[in-house]
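Me: I am new to this structure. Please take a close look at one part of it, and then connect that part to others.

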Amino acid sequence: MAEIQWPLVHTLVSELEAASISYMLVEESALWAQGVEGILPAKLTIEIQWDQFPDARDLFTKYDPREDEGKGWSSLSFTLDGVSVEILCRYNTVIVTNIDRWSVVHDGRKLYAKSFDFYRREWGPDDPRTAKITTFLRNLQREHSRINEEAWNQSTYDAWVHRYGTPATAAAWIKKDPEARLSPLNEYLGDLKGKKAVNLLGSHGAKGVAMALLGADAAVMDISRENAAYALDVAREAGVELKYVVSDVLDLPAEELSGEYDVVLMELGILHYFIDLLPLGVVVRELLKPGGRFVLHDFHPISTKLITSKGKKHKVTGNYFESGFEEADVAYSKHFPDNRELKKVRHRKWTLGEIVTAFAQAGLVIRVLSEEPNTKVDDIGLPKTFTMVAEKAGK
């Protein structure tokens, strides 16, 4: 049999879409479509909406398919362009709302496949295909980090000057009320005096400088050298020491992962840079000393994945459970007065359940999960942010 080629996939997907039949590539075909190296499917397997199987039978009659069935499933099998194809349905299984349906973009066209996350769970750690998925994710994260690093080193220092003023101005603003700069997280961070604290993906350093002003041995870890330059200038103007480690947080120097931190802070718009949260959770665990505290404060997935708000108008424009990579403007681009062209960043947006589960599976003990409402009157009743507090086991 011939190997699967993208033109064949596009042909079959086009036929399914024209017939309004919901689908997703599954099994090894799904991993192939998502780019997992070393996966060579023996056949192209596409799962369709179970109650549309009669429509698929009529659609693919021209290929003279063989029909088969078993307990809870039916299938059509045929050969096209030398490739073995299976059209599969599982009874009472809805495709469109399947939480593991992952969007794949190829040649500018969106297609759907069952996600690598599902098969990593389904096959377990001992399956050799799981090792291929893990390698794929690590390489993909490195590529995403490279793209994001380039995006975050484009005139970033200037952007912070436009937004917060010179380092002297920013330092004066933070010094005026460092606790306010850490709001609303002060109750979770506790007394920072004498504590070793780090702000992961700490960007321009305002939180790190505020922690230092409150008596912490403070550090920031972030991929952007321009962020570091601005943060260190602000710290100098504020009269405090700030350690800034310029690194992909998933590739931190070994000496940083010595379990010496009392507090690890991450906040606002950072999780979407990761395509797999479990390795991030492991980094957090290795940074913390036993009994150390992890405080995560980020935008609520309801506001980032599902709802578009404008004034009093709210629309459900997204799919909370849809997964896939998105290209977006780098966050600081809005702080420039001109309309300069900047490289894009890549995001993956997570559900709240995925976030909590990943950090729990990394070995952290979840103590608090708080969902905070939007403070705008027009957005009353909608969650805006959430805060999760977790600890590393031990004393």
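Reply: Glu86 is buried, with a relative accessible area of 11%. Buried means under 20% relative accessible area, exposed means over 50%, and partly exposed lies in between (1.4 Å probe, protein chains only). The model is predicted, so local features need pLDDT of at least 70 and side-chain atom pairs count only at pLDDT 80 or more, while totals for chains, interfaces and linings use all residues. Residues are numbered from 1 along each chain as its sequence is written, and side-chain values use heavy atoms, leaving out hydrogens and water.

Glu86 forms a salt bridge with Lys43, and the closest N and O atoms are 2.9 Å apart. A salt bridge here is a side-chain nitrogen of Lys or Arg within 4 Å of a carboxyl oxygen of Asp or Glu. Glu86 is in strand β5 and Lys43 in the loop between α2 and β2 (44-48), so the pair ties together parts that are 43 residues apart in sequence. Helices (H or I, at least four residues) and strands (E, at least two) are DSSP runs, numbered from the N terminus. Lys43, at 32% relative accessibility, counts as partly exposed.

Gly82 sits in the loop between β4 (73-80) and β5, and is partly exposed at 31% relative accessibility. Gly82 and Ile4 are 78 residues apart in sequence, yet their C-alpha atoms are 8.9 Å apart in space. Val96 lies in the loop between β5 (83-90) and β6 (101-106), and a relative accessible area of 42% makes Val96 partly exposed. Val96 also belongs to a nonpolar surface patch with Trp50, Tyr91 and Val94, and together the four have about 320 Å² of accessible area. Patches take residues with over 30% relative accessible area and no salt bridge, joining like charges within 9 Å and nonpolar side chains (Val, Leu, Ile, Met, Phe, Trp, Tyr) within 5 Å. Accessible areas come from the Shrake-Rupley method with a 1.4 Å probe, and for residues only the protein chains shown count as cover.

The structure holds 20 of them. Glu28 and Arg129 meet through their side chains at 3.3 Å, N to O. Glu28 is in helix α2 (residues 27-33) and Arg129 in helix α5 (residues 128-151), so this pair ties together parts 101 residues apart in sequence. Glu28 is partly exposed at 25% relative accessibility, and Arg129 is partly exposed with a relative accessible area of 23%.

Glu256 and Lys243 form another salt bridge, with the closest N and O atoms 2.9 Å apart. This pair links distant parts of the chain, 13 residues apart: Glu256 in the loop between β10 (243-246) and β11 (261-267), and Lys243 in strand β10. Glu256 counts as buried at 10% relative accessibility, whereas Lys243 is partly exposed, with a relative accessible area of 38%. Salt bridges that share partners also join Asp117, Arg120, Asp276 and Arg348 into one network.
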